[in-house]
Amino acid sequence: MVPMETTKVEGQPRKRITDIGPPNFEKFLHPLIKKNYGQWKYHESLGPGRLCHVAESGDRIYTVRAGSPRLLSIHTIRYFADLADKYCGGYLRFTSRNNVEFLLDDPARIEPLKKELEQAGFPVGGTNNAISNIVHTQGWVHCHSAATDASGIVKSVMDELHYHFTHQELPGKIRIALACCLNMCGAVHCSDIAILGIHRQPPVVRHDLVPKVCEVPTLIASCPTGAIRPATVDGKPSVEVIEQQCMFCGNCFTVCPALPMANAEFDGVSIWVGGKVSNARSAPRFSKLAIPYLPNNPPRWPEVVKAVVNIVEVYAKNARKFERMGEWIDRIGWPKFFKLTGIEFTRYHIDDFRFAPLTFARSTHIRF
Amino acid sequence: MATFEVDGRSYEVDEDGFLQDPGIWNEAVAKDFATTESVAEMTEAHWKVVNYIRNYYLQFGIAPMVRKLCKETGFKLNQIYELFPSGPAKGACKLARLPKPTGCV
Amino acid sequence: MDEKKQTKLLDQLESGPWPSFVKEIKKAAATNPAAGDLLGQLELSYEEKKVHWKHGGIVGVLGYGGGVIGRYSDVPEKFPKVAHFHTLRVNMPTGWFYASDALRTIYDIWERHGSGLTNMHGSTGDIILLGTTTDQLEPAFQELTQAGFDLGGSGSALRTPSACVGQARCEWACYDTMGVCNHVTHHYQDELHRPAWPYKFKFSGCPNDCVASIARADLSVIGMWKDEIQQDDAAVAEYAAAGLDIQKDVCDRCPAKCMNWDGKKLSIDNPECVHCMHCLNVMPKALRPGKERGAIFLLGAKAPILQGAVLSSVLIPFVPAAEIVDTLKELVSRIWEFWDEYGHNRERVAELIQRVGMAAFLDAIGLDPVPEMVAAPRDNPYIFFQKESDGSNGDDKG
Ligand code: SF4
Ligand code: SF4
Ligand code: SF4
Ligand code: SF4
């Protein structure tokens, strides 16, 4: 266990401390990691969710990775802390995809730790060609602009894809991400499968609020299509939205509370595929539209779950080894992607914003 | 809608304590709101910042960017935080009665 | 709430093999009524298919202009304990490494001052302490800094920089991502806490880019090597003997087509290699990045708002590892100076570049154009030729 100075504060006025930045990570590193920092030689997989990194010195550090729902109670954090004490001297970390990792120096403890995690409901996996945890945003739990919930969809999708978290049998990695509005907190726009909350109705202008809460020039400048114009309503200055010009991005609401977007009937989810961040083989790229709209259907969003599972299954069956979703689609072409997945190609799939012509098929290369 | 009361005067404010009615601003109002933003006394330096922000807003309809505020008032950013501990967006804009700034989430 | 409200919809998310956030909220609710009201309000959102948080909210701690996300319920009469439900963003230790006692320290503080709910971690990489009231912000903050933790960035401030695990546990890290990130984070404390410009920095140790810097960071620093891939022929042979189809799975997948396998010996035409990482990923025991290591600097990634998403693009093809920190500081100061002069409110660096043109931007920050910066030269003939008399004409563009 690593001692940390704790606060003793009773009664005493304390000096206010600011701008100290994060604690230096060094004091949280496992002694083996500290010793071999920058001296790692190679790693190997010991099965789903278990890695072994070998240093030049011959030292080995073992990692056990488990999925978490990201939204955690302090009780679960304390449980993780206790597990870390019990199995690995108190050393743990989290990954950029919200998994928790325990860092062990004793390989004999891997299986007992794995068993204990699984019994407590935290699946071990997410490595190599598994589906790792879904990166996601706040949704209805804590954000004002959410067009859908994040945690509920993630839970429902991962319940179905659980097998692929705990097994690494897919042709390549599948990175899934969810953002609950077009602000896209997180790298959803470069994911193998992106689940994106969308609005489909223009904002409602609250003329009574505009003069009180809005910087009108900022509001007008916020609209990517120039759909917002100054207007006088009932003799008072306000704005109007040219509805035909609105593509429901919600940026006006981001800068002005008087233009709410949320609409229970029309909000929903779109699905995007084929993006990637890694440079391995092909260059990083954006995800492309697969399904323009699926309804919000809480608590389990069956339409969304079905769509994602279908795409995963078709990919798993057809992609070649190492091919990511986008690379597989490159090889077979988009027409075949739509055919194999049974997803309908609609007018919404054809871009009509800036640079749209760059996405058109500009050759006679065609497959029949 | 909440109200903020001070010395028998009461103002309609939102949950962050921003004055709702843009029409009723004057220096006395600014002073009343100063108490909510850890500003003990409105000095000349405070007025310089508040007046600059307010005049900029009246002219352009938006709050000035932070660096413009610094350049025009001659205060460094950390000096502005010393004057208005809750910051230019929350503190100074509130006193100058601008619409609540909407930083991104 | 007087009686325990039923949460019929959310209850359905307690079952199934994936860990349940509903169970987590309920666990917190057992000792904290705000978590209970959060559950209630979320159930209402599930019933009505609609968010129940009001727009924005601007609250904070003294002396900081960021680090706290203000939230107010739009149904406070029904769920009074989440009438205020603000979030503190706490700057995570770089690489998200913890010792168990550090976690206990943070969450003991959070038990006293907040809802008992958290995200490990938020989209920005910060520890998200989810939900508290305005009056608890300052006390929570003070206890956190006493314990050695500080707030991260939000809104129009520099966002909390983040780094991949790098040299702490990855053989591919071409520079010390965590060391650089930690250093940079401390160097820019002012900009993190007192919003001046809304940039994001992210540090990945190799082109696998585990922190998605190329998709998310205004400045993406990605590890790179310049010399030859280190190759262990015996280990290559072992992979082959173990059944790896080196021709099909390695050579044929090499985007540069610069690898040759004759059944016994693997040869790599290194000057042709584009450093994609595929072969290293497949044979970590046999192939490793070269010894001349550093980073490639790319600039400008952002999400779609306003005029479309942008990926970072190459600015400096190679910076030796020892010079990364100084180069970054110098570059940032030059970009910041230009942004100060010409940038618009909320404008990300990619948008600034789009508006003034990359060439003018390069002039402004004093970088020479190099062919590594483009996928191809322009194909349109609309060239803004400069006057030839003196070289200084581009400077006033913007
Ligand atoms: S993606 Fe949109 S709704 Fe979701 S957390 Fe980010 S800003 Fe909020
Ligand atoms: S939703 Fe987007 S397109 Fe529509 S008015 Fe608002 S800013 Fe403009
Ligand atoms: S980005 Fe590269 S160096 Fe960093 S953790 Fe990922 S694979 Fe390792
Ligand atoms: S790193 Fe990529 S480009 Fe270079 S040799 Fe390996 S597979 Fe080919």
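Modeller: Before we start, helices here are DSSP runs of H or I with at least four residues, numbered from the N terminus, and please keep in mind that this is a predicted model.

Biologist: Which residues make a nonpolar surface patch with A:Phe345?

Modeller: Together with A:Ile350 and A:Phe360, A:Phe345 makes a nonpolar surface patch of about 290 Å².

Biologist: Changing topic, how many salt bridges are there over all chains?

Modeller: Searching the whole structure gives 47 salt bridges over all chains. Side chains of opposite charge can pair when their charged atoms come close.

Biologist: Which residue does A:Arg78 meet in a salt bridge?

Modeller: The side chain of A:Arg78 meets that of C:Glu111, with a distance of 2.7 Å from N to O. This pair joins two chains, because A:Arg78 lies in helix 2 (residues 74–88) of chain A while C:Glu111 lies in helix 4 (residues 100–113) of chain C. C:Glu111 itself is partly exposed, with a relative accessible area of 37%.

Biologist: What about A:Glu323, which residue is its salt-bridge partner?

Modeller: A:Glu323 pairs with A:Arg331, and their closest N and O atoms are 2.6 Å apart. A:Glu323 is buried at a relative accessible area of 3%, whereas A:Arg331 is partly exposed at 25%.

Biologist: And which residue forms a salt bridge with C:Lys54?

Modeller: That is B:Glu15, with the closest N and O atoms 2.9 Å apart. The pair joins two chains, since C:Lys54 lies in the loop between helix 3 (33–48) and strand 1 (68–69) of chain C, and B:Glu15 in the loop between strand 2 (9–13) and helix 1 (27–34) of chain B. C:Lys54 is partly exposed, with a relative accessible area of 30%, and B:Glu15 is partly exposed as well, with 29%.

Biologist: Which residues are linked with those two in a network of salt bridges?

Modeller: B:Asp14, B:Asp16 and B:Lys100 are linked with B:Glu15 and C:Lys54 in a network of salt bridges.

Biologist: Last one: where does ligand 4 sit, and which residues are closest?

Modeller: Ligand 4 sits in the largest cavity. It is surrounded by 14 residues, the closest being C:Cys254, C:Cys273, C:Val274, C:Cys276 and C:Cys279. Helix 11 (residues 278–282) of chain C gives the largest share of the shell around ligand 4, with three residues.

Technical notes: Residues are numbered from 1 along each chain as its sequence is written. Chains are lettered from A and ligands numbered from 1 in the order in which they are written. This is a predicted model: local features need pLDDT of at least 70, side-chain atom pairs count only at pLDDT 80 or more; totals for chains, interfaces and linings use all residues. Side-chain values use heavy atoms; hydrogens and water are left out. Patches are made of residues with over 30% relative accessible area and no salt bridge: like charges are joined within 9 Å, nonpolar side chains (Val, Leu, Ile, Met, Phe, Trp, Tyr) within 5 Å. Accessible areas come from the Shrake-Rupley method with a 1.4 Å probe; for residues, only the protein chains shown count as cover. A salt bridge is a side-chain nitrogen of Lys or Arg within 4 Å of a carboxyl oxygen of Asp or Glu. A residue is near a molecule or strand if one of its heavy atoms lies within 4 Å of it. On a 1 Å grid over the protein atoms alone, a cavity is a set of points where a 1.4 Å probe fits but cannot get out, and a pocket is an open set with protein on both sides within 12 Å along at least five of seven lines; lining residues have an atom within 4 Å of a point. A molecule sits in a cavity or pocket if more than half of its atoms lie within 2 Å of its grid points. Buried means under 20% relative accessible area, exposed over 50%, partly exposed in between (1.4 Å probe, protein chains only).
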